[in-house]
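Notebook open, new structure on the screen. I'll jot down what I look up as I go.

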Amino acid sequence: MRIEYLGGDDPDIAVVGGIHGDEPCGPEAIERLLAMEPDVERPVALVIANERALAVEKRYVDEDLNRAFPGRKDATTHESRLAARLVEEIGHCRTLSLHSTQSYEGMFALVNDVSPYAREICPRLSVDAVVDVGPYDEGRLFQSIPTTVEIECGYQGSQQAADNAFQVAREFLGATGVLPSERLAPQTDLELFRLRRPIEKADAKSYQVYASNFERVIEGEPFAAADETEMVAEGPFYPVLLSPYGYEELFGYAAERVGTFTASSE
């Protein structure tokens, strides 16, 4: 794990990239931030997390780091030891975690609670929606660092995802007073979704997805297929992180739209 400190070595703000080794957009954004040599008005930690997985361009070495928190220093897996170290280094920080996906071209935020912190930060970022992961936070960075906002920055490996990650990182640093000269996305109300259940996929040779993320699927509508077997919605839902091959055992998640994520004045 590589940590670069700007403005001092006791920050309460952090930007993390490279939680997954097949998502280079976060590390690229951090390298671009460092190349700016910015004048900062408060300390910040810039973290490239799973360098070993990044080196082999794999999601993880032993286990998914974003399912390994809080981790253990004496664990047998690389990612569990890494999780414990990451929490030790930035566990007290307000944190932005940069990711990419196989399911969505634009950007959206994931939070584990509709907290005042999330209401303060998310409307200042150039995201299309906010997703409350609800009970599906087991082992994620959220559990150990509750003041975390995850951003899905676009398609894995794309230049657009890297550009989006750089943009949203600068917006986050502007919103938290690290780079107050940065131009912020205007405060805006965002659609808020909550994950309701995982959508499992059967063992098959090939998978297809028909539905579009964040667009309502109605009851009785086919939305995906495993080989020749179509999956039909038993009730209406909004797909989130839905893709043929993004997860080993899931298509993604069924979510409900729970209203509008309104900017906080706190």
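Before I place anything, a note on naming: helices (H or I, at least four residues) and strands (E, at least two) are DSSP runs, numbered from the N terminus. This is a predicted model, in which local features need pLDDT of at least 70 and side-chain atom pairs count only at pLDDT 80 or more, while totals for chains, interfaces and linings use all residues. Residues are numbered from 1 along each chain as its sequence is written, and side-chain values use heavy atoms, with hydrogens and water left out.

The peptide bond from phenylalanine 69 to proline 70 turned out to be cis, with omega near 10°. I found proline 70 in the loop between α2 and α3.

Next I checked phi. Phenylalanine 214 is not a glycine, yet its phi is positive, near 70°. It sits in the loop between β9 (207-209) and β10 (222-226). Is phenylalanine 214 buried or exposed? I call a residue buried under 20% relative accessible area, exposed over 50% and partly exposed in between (1.4 Å probe, protein chains only). At 13%, phenylalanine 214 is buried.

Aspartate 227 also has a positive phi, near 55°. I traced aspartate 227 to the loop between β10 and β11 (229-232). Its relative accessible area is 29%, so I put it down as partly exposed.

**Helix α3**

Then I went along α3, residues 78-90. Its 13 residues reach 18 Å from first C-alpha to last, close to the 18 Å expected at 1.5 Å a residue; the expected span is 1.5 Å times one less than the number of residues. I listed the buried residues of α3: His78, Glu79, Ser80, Leu82, Ala83, Ala84, Leu86 and Ile90. What do they pack against? I got β2 (13-17), β3 (44-48), α2 (51-56), β4 (94-101) and α5 (141-144).

**The whole protein**

Last, I zoomed out. I count 6 helices and 13 strands in the protein. The C-alpha trace spans about 55 × 45 × 30 Å along its principal axes. Of the 266 residues, 53% are buried. I also looked at contacts (heavy atoms within 4.5 Å). Among those between residues at least 6 apart in sequence, 71% join residues at least 24 apart.
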